[in-house]
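Please look over the sequence and the structure below before reading on, and keep both in view as the paragraphs follow the chain from one group of residues to the next.

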Amino acid sequence: MFFYSKKFRLIYSKDFNHVLNRPIWKKNDKGLFIISRINSHCFPRLGLMISKKNVKKAHQRNTIKRLIREYFRLNYYRFQKMDFIVLVKIRFKIFDKKTFLKELRNLWKYYHLS
């Protein structure tokens, strides 16, 4: 069983800057962005950027983070050895988990190993 431990997270600002300053790939789907860059580790890492400006309610932000982390946790072995930052720039009026998960799956498929 895989746990989402600290080694699989982008925690420090230098890690985020490493990806944001010179990204290799940017994928966008309806306000969800994945920015990525190859890392020097032997495993993929994930960082999240979800602002209060775009998702007003805290429980929605937490649900979005939980869904993204869970998808990453269950599928990390399929991803290339890269650092990923997921940005959410959708302004939700009504948040639907099923629709969000479908969009998330469509976006992540570009990073799966062949």
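Predicted model: local features only at pLDDT ≥ 70, side-chain atom pairs only at ≥ 80, totals over all residues.

Asp 83 and Arg 45 form a salt bridge in which the closest N and O atoms are 2.8 Å apart. Because Asp 83 belongs to strand β4 and Arg 45 to strand β3, this pair ties together parts of the chain that lie 38 residues apart in sequence.

Arg 45 also meets the side chain of Asp 15 in a salt bridge, with 3.9 Å from N to O. Asp 15 sits in helix α1 (residues 13–21), 30 residues away from Arg 45 in strand β3, and the pair thus links distant parts of the chain. Asp 15, like Arg 45, is buried. Through shared partners, Asp 15, Arg 45 and Asp 83 are joined into one network of salt bridges.

The count of salt bridges comes to three, and one of them pairs Arg 73 with Glu 70, whose closest N and O atoms are 2.7 Å apart. Arg 73 and Glu 70 are three residues apart in helix α2, so about one helical turn separates them. Glu 70 is partly exposed, with a relative accessible area of 34%.

What, then, of the nonpolar residues? In soluble globular proteins, nonpolar side chains tend to be buried together. The largest nonpolar core here has 26 residues, of which Leu 46, Ile 68, Phe 84 and Trp 108 touch the most other members. At least two residues of this core come from each of β2 (32–38), β3 (45–50), α2 (58–75), β4 (82–88) and α3 (97–108), and α2 supplies the largest share, five residues. Apart from this core lies another, of six residues, among them Leu 10, Ile 35, Ile 85 and Leu 87.

Note on methods:
Residues numbered from 1 in each chain as written. Heavy atoms only, no water. Core = buried A, V, L, I, M, F, W, Y, C linked by side-chain atoms within 4.5 Å. Buried < 20%, exposed > 50% of the residue type's maximum accessible area, 1.4 Å probe, protein only. Helix = DSSP H or I, 4+ residues; strand = E, 2+ residues; numbered from the N terminus. Salt bridge = Lys/Arg side-chain N within 4 Å of Asp/Glu carboxyl O.
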